[in-house]
Amino acid sequence: MGKPRILVVDDSKLSAKMIEDRLAASGFQVDVAFSAEEAIANLSTPDAVLPDLVISDVVMPGMDGYQFCQWLRGNPATVHIPVIMLTSKGGVSAKVDGFQAGADDYLVKPVDPVELEMRIKVLLARMKAAQATAGRTMDASQARIISVFSLRGGVGVTSVAVNLAVALAQLWQTEVPLVDLALESGHCALMLDLKPKHSLADLADRGPEAIDDALLDGVLIRHDSGVRVLPAPPSPELADTITPTLVGTVLTMLQPQFPYLVVDTPSRFDEVTLAALDQSDVIVLLLTPEIACLKVTTAALDVFQALEYPPQKLIAVLNWPFARGGLPQKNVEAALHTPLGMVIPHERALFVEAINRGVPLVLSHPEAPASLALQQLAYRLSGKQPPAQKAKAPSGMLLRVQELVKRA
Ligand SMILES: Nc1ncnc2c1ncn2[C@@H]1O[C@H](COP(=O)(O)OP(=O)(O)O)[C@@H](O)[C@H]1O
Ligand SMILES: [Mg+2]
């Protein structure tokens with residue numbers, strides 16, 4: 001590895017110069033941008049060389065450091081880059097804002113150069129260790145398995161799973177399996193207006209050892225968007241035939257064939273659900289802004305902690321299936337001790353219409369606010385190396401989301 005590359009973003013030329021000189025003298029390669037906008041323009045060019053770490057000022061004319069940090073976190077290519085916020089703004093609340101925006105460290109000016117260098121080294125070392133672990137466990141050619149989960153029913157898990165799968169398929173113009181593990185009342189096929197002939201129950205009939213790629217392919221029903229649904233059994237009494245081993249086998253077989261898999265789950269921890277959650281790279285923990293839901297969400301987080309799931313495996317997403325009376329977002333975040341990865345606003349009639357017509361919101365109303373949130377969530381979950389697009393031109397959805405992320 002060559003010299004670690006550090007991007008310094010600071011509107012004060014003097015301050016930027018001091019940091020640059022100091023870091024260059026310590027053996028880092030330093031790029032400087034005098035505004036967040038300039039940094040984003042540089043990072044967005046096709047041949048951009050990404051930094052190993054970003055040091056950003058907070059108070060800047062135009063886009064501030066928090067917004068810049070959120071932009072970095074919203075972009076698959078930069079989501080993992082460590083960020084140190086450097087600012088004249090002291091005080092706990094400014095720091096909390098920084099960490100909520102996704103910063104890894106926060107230093108108040110004037111900063112001691114030795115301390116700055118130490119913090120940089122610590123973050124770079126931690127990043128390297130994380131990459132080494134990720135390299136062992138996550139092969140870029142293997143699907144990211146994204147499960148959507150909540151311990152409370154009716155919060156929108158199936159709606160989010162279906163729309164996420166469609167959005168991923170559309171963004172990258174690829175096929176995305178959607179595995180319906182809401183075994184007693186699977187609705188994924190219905191939400192896509194598909195009438196499956198086969199389901200997980202047919203695979204259970206054969207037994208895990210008899211499943212081959214051709215059989216699996218025959219059960220995955222095609223939707224025009226690129227989604228391939230693996231339907232739940234057609235009747236509730238067949239739910240018991242689906243075992244954790246079967247689900248594990250199916251996910252393991254699908255994984256090398258597709259860049260993403262999305263899993264819809266029931267609102268409980270049973271063995272089948274846990275098998276899927278264990279195997280997932282990301283769990284979208286969906287919640288609504290009400291006390292009862294916060295309680296079960298906290299309980300779910302405790303279980304995930306006991307299972308030693310790494311925090312980066314979880315993304316809390318707030319959904320508003322009801323119009324009024326929800327807790328303020330700040331209170332939700334405070335209660336969870338976790339920033340929210342996304343907020344999906346309420347869409348009074350559109351979701352119902354989407355279910356009735358069997359056309360998911362991201363297709364029927366791509367510009368609706370909830371739809372845009374779902375597309376951005378899909379983009380964010382696309383990971384560091386999204387699959388190359390099959391078509392020459394990027395999809396309309398991808399252009400829209402990138403524009404949104406730029407403006408955010
Ligand atoms: N953001 C939203 N705005 C309006 N209605 C929503 C929203 N999200 C979900 N819904 C509605 O909530 C209901 C439950 O959604 P569903 O996805 O079936 O939840 P779950 O799978 O968690 O039981 C559905 O009628 C759906 O249309
Ligand atoms: Mg459901």
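This is a chat about some features of a predicted model.

Visitor: Hi! What kind of model is this, and how are residues numbered?
Guide: This is a predicted model, in which local features need pLDDT of at least 70 and side-chain atom pairs count only at pLDDT 80 or more, while totals for chains, interfaces and linings use all residues. Residues are numbered from 1 along each chain as its sequence is written, chains are lettered from A and ligands numbered from 1 in the order in which they are written, and side-chain values use heavy atoms, with hydrogens and water left out.

Visitor: Thanks! In what order do the strands of the five-stranded open sheet come?
Guide: The order is β2-β1-β3-β4-β5, with parallel pairing. Strands here are DSSP runs of E with at least two residues, helices are runs of H or I with at least four, and both are numbered from the N terminus. Two strands pair if DSSP finds at least two bridges between them.

Visitor: Which strands sit at the edges?
Guide: β2 (29–33) and β5, each of which pairs on one side only. On average, neighbouring strands of this sheet are turned by 20° against each other, direction ignored.

Visitor: How many bridges join β3 to β4?
Guide: Four bridges join β3 (residues 53–57) to β4 (residues 83–87). Ser-56 stands opposite Met-85 in β4.

Visitor: Which strands does helix α1 lie across?
Guide: Helix α1 (residues 13–25) lies across β1 (5–9), β2, β3 and β4, at about 170° to β2. Helix α3 (residues 65–73) lies across β1, β3, β4 and β5, at about 175° to β4. Axes are lines fitted to C-alpha atoms, for helices over the stretch in contact, and angles run from 0 to 180 degrees between N-to-C directions.

Visitor: Back to β4: is Thr-87 buried or exposed?
Guide: Thr-87, in strand β4, is buried, with a relative accessible area of 0%. Buried means under 20% relative accessible area, exposed over 50% and partly exposed in between, using a 1.4 Å probe and protein chains only.

Visitor: What is Thr-87 in contact with, leaving aside neighbours within four places in sequence?
Guide: Its contacts are Asp-57, Val-58, Tyr-106, Leu-107, Val-108 and Lys-109. Contact means heavy atoms within 4.5 Å.

Visitor: New topic! At what angle do α6 and α16 pack?
Guide: α6 and helix α16 (residues 369–380) pack at about 65°, with axes 9 Å apart. They are therefore roughly perpendicular to each other; angles under 35 degrees count as roughly parallel, over 145 as roughly antiparallel, 65 to 115 as roughly perpendicular and the rest as oblique.

Visitor: Which residues meet there, in α6 and in α16?
Guide: Among them are Val-160, Leu-164 and Trp-172 in α6, and Leu-374 and Tyr-379 in α16.

Visitor: Where is the cis peptide bond?
Guide: The cis bond joins Lys-109 and Pro-110, with omega about -5°. Pro-110 lies in the loop between β5 (105–108) and α5 (113–137).

Visitor: Why point that out?
Guide: Because most peptide bonds are trans, and most residues other than glycine have a negative phi.

Visitor: Which phi does Gln-173 have, then?
Guide: Gln-173 has a positive phi of about 45° although it is not a glycine. Gln-173 is in the loop between α6 (157–172) and β7 (176–180), and at 25% relative accessibility it counts as partly exposed.

Visitor: And what about the phi of His-337?
Guide: His-337 is not a glycine, and its phi is positive, near 60°. His-337 sits in the loop between α13 (329–336) and β13 (342–344) and is exposed, with a relative accessible area of 72%.
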